[in-house]
Amino acid sequence: MGEFLIKMPDVGEGVAEAELVEWHVKPGDPVREDMVLAAVMTDKATVEIPSPVNGTVLWLGAEVGDTVAVRAPLLRIAVEGEGHAPAPDTATDVAAEVETSAAPPAASAEVIPLERAPRTEQPAPPPAAPRREEPAATRPVRHEPGERPLASPAVRFRAQEAGVDLRQVAGSGPAGRITHDDLDQFLARGAQPAVSVPGLARKTATEEIKVTGLRRRIAEKMRLAASRIPHITYVEEVDVTDLEDLRATMNAGKKADQPKLTILPFLMRALVKTLAEQPGVNATFDDDAGIITRHGAVHIGIATQTPAGLTVPVVRHAEARSIWDSAAELTRLADAARNGTAAREELSGSTITITSLGAFGGIVTTPIINHPEVAIVGVNKIMTRPVWDGTQFIPRKIMNLSSSFDHRVVDGWDAAVFVQRIKALLETPALIFIEG
């Protein structure tokens, strides 16, 4: 029997490390060739790592949530024959090789521990504090309904914060006044809810959830954007009554192989026309280098909610797509993002982003820019509202656009001009289809 060492593969050009998001095996599990062993994440793309051999898992080199460098040892498998342990060519490999040679024979089926480095001895627990005799103040007491026990405002505040009814606490002070010590002793023995109501109970359980995988990527991305980009958000009301009528007509007459049109393809086409007039908004900003890059191509990121969290698939070259093509590509990418099959290249490289919560879009949102872009357009839900036409109120379909801009790059005036141009196109949708 021998051992086969599997290292973190190179999962993409320029990627030096990846986060382990899932193990599919554990020590002792039999594996066969091509069986998926683990999943790692780079940016927002998940990559599965298959087994190149048949054997039995001996050792896992990381825990879910750990960041593992490319070519770092990932797991070992007991195999028939002499196995395989790559020659060391990096410091990491040397460590892996040493560990491999120190491992017991695989035939013993002993699981190699994750780390053999000596662990720091845990300090001995502090000696238990001497148990104090329970004073009379901690014994249950009864007060008449409406009775207000004597206590200072500070004690009352602490009791309120702890959810303690002071009528349950016996006071040891003058005239039965409840002191801080009385409250501490009461809490130490386990306070009960002040009032027990059938069907209602306080819940004190907590749950700690480690932030890993896509959620960690989202958190890092949002922190980066919010901390480095001074946002300015501009909200405008758009009358999409005519656009909705056009959309319904086009959907009614669409071909069998054409996707159903939502409002997003129309917004994408309106964005393309507007960005041609304001190329400064279709840009990315490297604030470390102090360089703004304006892009001729319009790669539109579509913020998409998936079971795993928020992802942003990218419709590339929207400037070269018809409204039907835009809709088809949008549908394809959204499906791929939701079922986890989107490629890494399909989840990066956007030059501007649209975010929409669909029917839950609310009235106004404050979108966070997809760093390093300089603008994001948020779509709020469409509602029928009464609009005064000069003689009477008439029902119109109204939608707000909530758009954020990097105020270092886009001035407020330019942001307003940008949104007003989109508004004009959406309110007169025929303009979207006029070339030039």
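The model is predicted, and the protein has eight helices and 18 strands. Of its 436 residues, 41% count as buried. Among contacts between residues at least 6 apart in sequence, 63% join residues at least 24 apart.

**Helix α5**

- Let us start with helix α5, which covers residues 241–252 and has 12 residues.
- From its first C-alpha to its last, α5 reaches 17 Å, close to the 16 Å expected at 1.5 Å a residue.
- Which residues of α5 are buried? They are T241, L243, E244, R247, M250 and N251.

**Helix α7**

- The buried residues of α7 are I323, W324, S326, A327, E329, L330, L333, A334, A336 and A337.
- What do the buried residues of α7 pack against? Their partners are α5 and α6, together with β13, β14 and β15 (314–315).
- Just after α7 comes G340, which takes a positive phi of about 80°.

**The largest pocket**

- The largest pocket of the protein has a volume of about 920 Å³.
- How many residues line the largest pocket? There are 46, and A303, T304, T355, S356 and L357 lie nearest its centre.
- By type, the lining of the largest pocket divides into 23 nonpolar, 16 polar and seven charged residues.
- Several elements each supply at least two residues of this lining: the helices α4 (213–228), α6 and α7, and the strands β13 (300–306), β14 (309–311), β16 (352–356) and β17.

**Strand β6 and its partners**

- Strand β6 (residues 55–60) is mostly covered, with five of its six residues buried.
- On one hand, β6 is joined to strand β3 (residues 30–31) by two bridges, and the two strands run antiparallel. P30 has T56 of β6 as its bridge partner.
- On the other hand, β6 pairs with strand β8 (residues 73–79) over four bridges, again in the antiparallel sense. Here W59 has R76 of β8 as its bridge partner.
- V57 is a residue of β6. Is V57 buried or exposed? V57 is buried, because its relative accessible area is 1%, and the cut-off for buried is under 20%.
- Leaving aside neighbours within four places in sequence, V57 is in contact with V25, K26, P27, G28, D29, V31, L75, R76 and I77.
- V57 and V79 are 22 residues apart along the chain, and their C-alpha atoms are separated by 9.1 Å.

**The loop between β16 and β17**

- T365 has its place in the loop between β16 and β17. T365 counts as partly exposed because its relative accessibility is 24%, which lies between the cut-offs of 20% and 50%.
- Where sequence neighbours within four places are left aside, T365 is in contact with T233, N380 and S402.
- Along the sequence T365 and S402 are 37 residues apart, while in space they are 5.8 Å apart, C-alpha to C-alpha.
- P372 also has its place in the loop between β16 and β17. A cis peptide bond joins H371 and P372, with omega about 10°.

**Backbone angles to look out for**

- As background, most residues other than glycine have a negative phi, and most peptide bonds are trans.
- D34 is a residue other than glycine with a positive phi, near 75°. Its place is in the loop between β3 and β4 (36–42).
- D34 counts as exposed because its relative accessible area is 58%, and exposed means over 50%.
- H317 is not a glycine either, and has a positive phi of about 50°. This residue is found in the loop between β15 and α7.
- Why does H317 count as partly exposed? The reason is its relative accessibility of 39%, which lies between the cut-offs of 20% and 50%.

Terms used:
Residues are numbered from 1 along each chain as its sequence is written. This is a predicted model: local features need pLDDT of at least 70, side-chain atom pairs count only at pLDDT 80 or more; totals for chains, interfaces and linings use all residues. Side-chain values use heavy atoms; hydrogens and water are left out. The expected span of a helix is 1.5 Å times one less than its number of residues. Buried means under 20% relative accessible area, exposed over 50%, partly exposed in between (1.4 Å probe, protein chains only). On a 1 Å grid over the protein atoms alone, a cavity is a set of points where a 1.4 Å probe fits but cannot get out, and a pocket is an open set with protein on both sides within 12 Å along at least five of seven lines; lining residues have an atom within 4 Å of a point. Grid points are joined across faces, edges and corners, and a volume is the space filled by probe spheres set on the points. Ala, Val, Leu, Ile, Met, Phe, Trp, Tyr, Cys and Pro count as nonpolar, Asp, Glu, Lys and Arg as charged, and the others, Gly among them, as polar. Two strands pair if DSSP finds at least two bridges between them. Contact means heavy atoms within 4.5 Å.
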